[in-house]
Amino acid sequence: MQYANHILEKYEARPRKWRLYTLIVLIMALLLTWSGSSITFKGFAAKGTEVAKGIFWGLVKPDLSMIFNTTTDGVPYLLMETVCIAILGTVVGGILALPFSFLASPKIMPKPVAFVFNALILLIRTLPSIVWALIWIRVTGPGAFCGVITQSICSIGMISKMYMTAIADLDTSILESLDAAGCTAFQKVRYGIIPQLTPNIISTVIYRFDINIKDATTLGIVGAGGIGAALIQCINSRRWTMVGSFILAMIVLMLVIEFASTRIRAKLARGQ
């Protein structure tokens, strides 16, 4: 009986936050109402309906000659160019993100140095990939090289942030032991930090590769190489069967990459 009374007292003394929750709900409702007031739906445009029907028709009856075309205008070549852009951008960005993340971590570097590199990483992450592509097209000209540089820079911003989060969760007792043994800063990083970060690094790079594959298609639309340029040209010229070929190939590629990356991340999570 005494135990039941104790539970009842604790229950009665529980924090009552219904006013706070009600205020949050009202604020969210006001924000949604205000945001929705600036959106007006004027119906579907005639050309928009035509494009939707054309893409559906292209998916039903794709141009098979494009799928098996081995020239530089065929789907296999453009798809592989997109994959190569994503691979190079991910690898270069993942490698460069390592020193950036160490230099931006206040756990390893002095706070002024960490602040400067944090600001640099934030600057990289502020601009979306499409803006970086438009900037680098003016420097390198259109083509796959522009796509690789753009994806490398964007990968540095995201991967460095995730590396820094992993560094913040490191077991510092290992570093203290290495410090007591008289190890240099490089040796502490090599033997105390990298082994702990390796599973996280691999998982992060794979995740970024998934993003870069999709981004490579978008960047191709603005001239940064890949299948996106050919896709937008076919849509503008209303060659729907070719559009269907490109989209189907991209869907198959995404499914294969998603299956492989999920299996790899699952093995890393289980420590196998």
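Which residues in α6 meet residues in α8? From α6 these are Asn118, Ile121, Ile124 and Arg125, and they meet Ile153, Ile156, Gly157, Met158, Ser160, Lys161 and Met164 in α8. The residues of this contact comprise six nonpolar, three polar and two charged. The model is a predicted one. The points below place this contact in the wider structure.

**Overall architecture**

- The secondary structure of the protein consists of 12 helices and zero strands.
- Along the sequence, the pattern accordingly reads α-α-α-α-α-α-α-α-α-α-α-α.
- The protein has 272 residues, of which 32% count as buried.
- Among contacts with a separation of 6 or more, 71% are made by residues 24 or more positions apart.

**Helix α6 against helix α8**

- Helix α6 covers residues 111–126 and helix α8 covers residues 144–168.
- The two helices pack at an angle of about 130°, and their axes are 8 Å apart.
- This angle makes α6 oblique to α8.
- The crossing of α6 and α8 is left-handed.

**Helix α5 against helix α8**

- Helix α5 spans residues 75–103, and its axis comes within 6 Å of the axis of α8.
- The axes of α5 and α8 cross at roughly 40°.
- The crossing of α5 past α8 is right-handed.
- In the contact of α5 with α8, the residues divide into 16 nonpolar, 10 polar and one charged.

**Helix α7 against helix α8**

- Helices α7 and α8 pack at an angle of about 135°, with a separation of 9 Å between their axes.
- That angle makes α7 oblique to α8.
- In passing α8, helix α7 makes a right-handed crossing.
- On the α7 side, the contact involves Ser129, Trp132, Ala133, Trp136, Ile137 and Thr140.

- Serine 129 lies in helix α7.
- With a relative accessible area of 18%, serine 129 is buried, because buried means under 20%.
- Apart from neighbours within four places in sequence, serine 129 is in contact with Thr150, Cys154, Asp215 and Leu219.
- Threonine 140 is also placed in helix α7, which runs over residues 129–140.
- Threonine 140 has a relative accessibility of 31% and so counts as partly exposed.
- When residues up to four places away in sequence are not counted, threonine 140 touches Phe145, Cys146 and Ile149.
- Threonine 140 and alanine 224 are 84 residues apart along the chain, and their C-alpha atoms are separated by 9.8 Å.

**The salt bridge**

- How many salt bridges does a search of the whole structure find? The search finds one salt bridge.
- It joins aspartate 215 and arginine 208, whose closest N and O atoms are 3.8 Å apart.
- Aspartate 215 and arginine 208 are both buried.
- Aspartate 215 is also one of the residues in contact with serine 129.

**Leucine 253 in helix α12**

- Leucine 253 lies in helix α12.
- Is leucine 253 buried or exposed? Its relative accessible area is 16%, so leucine 253 is buried.
- Setting aside neighbours within four places in sequence, leucine 253 is in contact with Leu79, Val83 and Ile213.
- Leucine 253 and isoleucine 213 are 40 residues apart in sequence, while their C-alpha atoms are 9.2 Å apart in space.

**Arginine 238 in a loop**

- Arginine 238 is found in the loop between α11, residues 227–236, and α12, residues 240–269.
- The phi angle of arginine 238 is near 60°, which is a positive value in a residue other than glycine.
- Arginine 238 has a relative accessible area of 36% and is therefore partly exposed.

Methods
Residues are numbered from 1 along each chain as its sequence is written. This is a predicted model: local features need pLDDT of at least 70, side-chain atom pairs count only at pLDDT 80 or more; totals for chains, interfaces and linings use all residues. Side-chain values use heavy atoms; hydrogens and water are left out. Axes are lines fitted to C-alpha atoms, for helices over the stretch in contact, and angles run from 0 to 180 degrees between N-to-C directions. Helices (H or I, at least four residues) and strands (E, at least two) are DSSP runs, numbered from the N terminus. Angles under 35 degrees count as roughly parallel, over 145 as roughly antiparallel, 65 to 115 as roughly perpendicular and the rest as oblique. A crossing is left-handed if the near helix is turned anticlockwise from the far one by less than a right angle, and right-handed if clockwise. Contact means heavy atoms within 4.5 Å. Ala, Val, Leu, Ile, Met, Phe, Trp, Tyr, Cys and Pro count as nonpolar, Asp, Glu, Lys and Arg as charged, and the others, Gly among them, as polar. A salt bridge is a side-chain nitrogen of Lys or Arg within 4 Å of a carboxyl oxygen of Asp or Glu. Buried means under 20% relative accessible area, exposed over 50%, partly exposed in between (1.4 Å probe, protein chains only).
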